[in-house]
Structure formats: C-alpha cells, structure tokens
Amino acid sequence: MKAIGVFHAERRCGVIDHPEPEAAGVQQAKLRVLEVGVCGTDKEITSFEYGAPPEGSPYLILGHESLAEVVECGPGAHLKPGQLVVATVRRPCTIASCTACRGGRQDFCVTGQYSERGIMHRHGFMAEYVIEDEVRLHPLPGGLRRVGVLTEPLTIAEKAISQLWHVQQRLPWMPPPDSQAPLGSGQRALVLGAGPVGLLGAMKLVTEGFDTWVYSLSPPGTDLAAVVEGFGARFVPAETVPVADVAGQTGNIDVIYEATGSSSLAYSVMPHLGPNGVFIFTGVPGLHGPRPTDIDALMRSQVLRNQVVLGTVNASPQNFNDAIEDLGEFQNRWPGTLASLISSRVPIEDTVALLSGHPGGIKHVISVAG
Ligand code: BGC
Ligand code: ZN
C-alpha cells in the first residue's frame, strides 16, 4: 500500500510501498485512513530536523493528525466497521518508575522514552491502512466527517486550557475547573498566532467566556480577520499594530496563549501579561542560538504580579474526548467556521511538495482515501 516514508539517515522522503497490515489483534481495529492534517512538526520531520523511525526500520511513516474509518475489529474490540475514529499520538514509555506513563498520562512522561505515531519511533497515519489498539481510538460522530481532522490540533488547546484552570485554582475565588459556569468570563485572553492551534485555541477561549484577542503575524491573503471576528474574537494584525502597542489595544491581559513558536514575539509580549496572569507556551521554536531579552524586567513582573509561565505539549485521552465534543459545539455556534480553517486537501502523492512549499492558508490536509 501507499505511505509517506521519511528516511532520516538518507535525508530523503516520499511515497513508498509499505506492506498492508494484516488482521487486527484481539483488542485492536484495522483502520482505513481518510485524512491526515499537516503541521509545523511534519515540516521539521521532512527537513530531517526532528523525529525518528521505529527501531529497525529505515524509514518513519509520517502523519499524526488522523481521521480514519474502522474496517475490521479484533474479537475483543467493541468498535463497529464504518465508525469514524481519531487516534491519540503518544504511547507510554515502559519505565516502571514513570508515574505519568503508568497512570495513563504519557503526555507528562518524565523519562522521554515515549513514542509518538508519525513523529518518534512509531509509524504514523500517512498510509492507506493502519492497525491501532482500541484504547487509543476516539469515536467521532459522522456529522463531523469534514472537520474531524482538526481534532488533534484542538487537543493541544484542550490540554492547555484545562491546565490553565488547574493552575488558577491557586486563586481562592476561582470556581472549580469542572464548574458549569464559563470560567473565563470577565477575563481577557490574548492569542499569539492565527494558525490552526491559535485559531482553535481562540475558539475554545471564546467558549470559556474570555474576551479574546488574536494577534496575527500572517501576511494578508486569507481573510483571517473575518474568520476571527466570525467566532467572536478580535483580530489584531501585526502588520499594522506593533507588539509594544498590543496591550494598549487590549487592556489588562489575564492569559496569553502562544501559538506561533516565535520566541522573540513571545518574550516581547510577555511583559504585557497582567497580575495573576498565566502565559501558556504551545509553539515549539527552532533553536537559533541566544537572543537578547530583558530578563530583569521579566523576572520582576513575574514575581511582583504573581504570574505563571506554563509550557504544554501533547494531550490526554480526556482532551481528545473534549476536543471531539467541542468540534460539535463550534459547529453549532459558528456553522462553516471550522470547515473554513481547512485551506486545501491534496492527494498523498503531493505531501512532500506541500511540506516543502509555502502554501499559505491555514490547515492543509492529505486526502488518503475518500
Ligand atoms: C503534536 C504532539 C506532539 C508534539 C511533539 C506536535 O505537533 O501535535 O502530539 O507531542 O508535536 O512531538
Ligand atoms: Zn500536528
């Protein structure tokens, strides 16, 4: 069957012929892959800067933002053929002392020995068929077929924002994280970046009740302002508003949600975080050597304003369930908005060209089948 293979040692990648997996094991499902989203991580992998093949394999099959259909189940599995599913990405390490992995929270793995499908030491989803353990699969309602590929990038926001509520339990007046009231009401959030993780995070922050602002570095082209304003957030283009003026426009900021991976942008906005605020990092910068920043000013503000700086990666099974539920919620609130985040669907043969180009737009998706 067709798959996208990345040969790190030989620094090449492209369509390969990979053996089709056979029958699913007892508690497994065989899946027909429908779509796979691409992101900055895939670009890093196909530039051979990140990722690694499974042990003993000369290549890594790419792809971690999955949407698939069950074709066959093992005798102990409960999914039904035809069911749409999204798979989680990270698999636990095997080290007995890793409390995170032993507790099912490999997104907090302490050993670094985890694997990730399509990224680290485990084949991904850019293949016609894959086998997966049923416990790693999250059923997706059929009505979300056209937007289900956005589940995985939304899980990044789900984890970030659920962590935010845990952190803010330090404030005695905060309602508990599971309270029904929108926890963000009366608070202001600034999102850095209008890519998929930024926009999906902004949608989540709006549903949590935040007065939400999106600061975008994107060049003009896609009508991002209309997308952002359509879901009730405010759009601030970097083109016309310098970083130093952002706080002047937004007023006191309770949460900054970083989704550009640009350290210079992040650290130039950080001094504008308000009292008791939380700065959330989701973007992963490349390593470009030391950069100048006023660390005294940052440290002063962090101490004198009781601030928290929070990094977050990957997501829990619960975050996947929440993301699927929220995709439904976003569809109801803002029909058409999620679909508008998908800028193109391209055949699997065009994957490498897509990843090596600068296609603009928001989310690009590989159509593997259907
Ligand atoms: C994926 C995460 C993964 C991270 C680091 C991201 O693109 O969405 O699941 O943990 O890369 O490899
Ligand atoms: Zn991704």
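Q: Is Trp 165 buried or exposed?
A: Trp 165 is buried in this predicted model. Its relative accessible area is 4%, against a cut-off of under 20% for buried.

Q: Where does Trp 165 sit?
A: Trp 165 is in helix H3.

Q: What does Trp 165 touch, sequence neighbours aside?
A: Leaving out residues up to four places away in sequence, Trp 165 touches Met 174, Pro 177, Leu 183, Gly 184, Gln 187, Glu 208 and Phe 210. Of these contacts, Leu 183 is 18 residues from Trp 165 along the chain, with 8.0 Å between the two C-alpha atoms.

Q: And H3 itself, how many of its residues are buried?
A: 14 of the 17 residues of H3 are buried, so the helix is largely enclosed by the rest of the structure.

Q: What span should H3 have, and what does it have?
A: At 1.5 Å a residue, H3 should span 24 Å, and its end C-alpha atoms are 24 Å apart, so the two agree.

Q: What about H9, how far does that one reach?
A: Helix H9 covers residues 317-333, which is 17 residues. From first C-alpha to last, H9 reaches 24 Å, close to the expected 24 Å.

Q: Which residues of H9 are buried?
A: The buried residues of H9 are Asn 319, Phe 320, Ala 323, Ile 324, Asp 326, Leu 327 and Phe 330.

Q: What covers them?
A: The cover over the buried residues of H9 includes helices H3 (151-167), H4 (196-207) and H10 (337-341). Strands S6 (84-87) and S11 (137-140) are also part of that cover.

Q: Switching to Lys 363. Buried or exposed?
A: Lys 363 counts as buried, because its relative accessibility is 2%. Lys 363 is found in strand S19, residues 363-367.

Q: What is around Lys 363, then?
A: Not counting residues up to four places away in sequence, Lys 363 touches Gly 37, Val 38, Cys 39, Glu 65, Leu 150, Pro 153, Pro 196, Leu 341, Ile 342, Ser 343 and Ser 344.

Q: Val 38 and Cys 39 are in that list. What does Leu 355 touch?
A: With residues up to four places away left out, Leu 355 touches Val 38, Cys 39, Asp 42, Lys 43, Thr 46 and Leu 62. Leu 355 lies in helix H11, residues 351-356, and is buried at a relative accessible area of 6%.

Q: How far is Leu 355 from Val 368?
A: The C-alpha atoms of Leu 355 and Val 368 are separated by 16 Å, and the two residues are 13 apart along the chain.

Q: Now the loops. Where is Val 241, and is it buried or exposed?
A: Val 241 lies in the loop between strand S14 (234-237) and helix H6 (246-250). Val 241 is buried, with a relative accessible area of 7%. Setting aside neighbours within four places in sequence, Val 241 is in contact with Tyr 215, Val 236, Val 246 and Gln 249. Ser 216 is 25 residues from Val 241 along the chain, at 9.8 Å between C-alpha atoms.

Q: And Val 284, buried or exposed?
A: Val 284 is exposed, with a relative accessible area of 65%. Val 284 is found in the loop between strand S16 (273-281) and H8. Ser 263 is 21 residues away from Val 284 in sequence, and the C-alpha atoms are 8.7 Å apart.

Q: Which residues other than glycine have a positive phi?
A: Phe 48 is one of them, at about 65°, and is found in the loop between helix H1 (40-46) and strand S4 (60-61). Asn 306 also has a positive phi, near 50°, and is placed in the loop between helix H8 (295-304) and strand S17 (308-311).

Q: Why flag those?
A: Most residues other than glycine have a negative phi.

Q: How accessible is Asn 306?
A: Asn 306 counts as partly exposed, because its relative accessibility is 45%.

Q: Zooming out, how many helices and strands are there?
A: The chain has 11 helices and 19 strands.

Q: What is the radius of gyration of the chain?
A: The chain has 21 Å, which agrees with a compact globule of 370 residues, where a value near 21 Å would be found. The C-alpha atoms fill a box of roughly 60 × 45 × 40 Å along the principal axes. Buried residues make up 52% of the chain.

Technical notes:
Residues are numbered from 1 along each chain as its sequence is written. Chains are lettered from A and ligands numbered from 1 in the order in which they are written. This is a predicted model: local features need pLDDT of at least 70, side-chain atom pairs count only at pLDDT 80 or more; totals for chains, interfaces and linings use all residues. Side-chain values use heavy atoms; hydrogens and water are left out. Helices (H or I, at least four residues) and strands (E, at least two) are DSSP runs, numbered from the N terminus. The radius of gyration is taken over C-alpha atoms; the globule rule is 2.2 Å times the number of residues to the power 0.38. Buried means under 20% relative accessible area, exposed over 50%, partly exposed in between (1.4 Å probe, protein chains only). The expected span of a helix is 1.5 Å times one less than its number of residues. Contact means heavy atoms within 4.5 Å.
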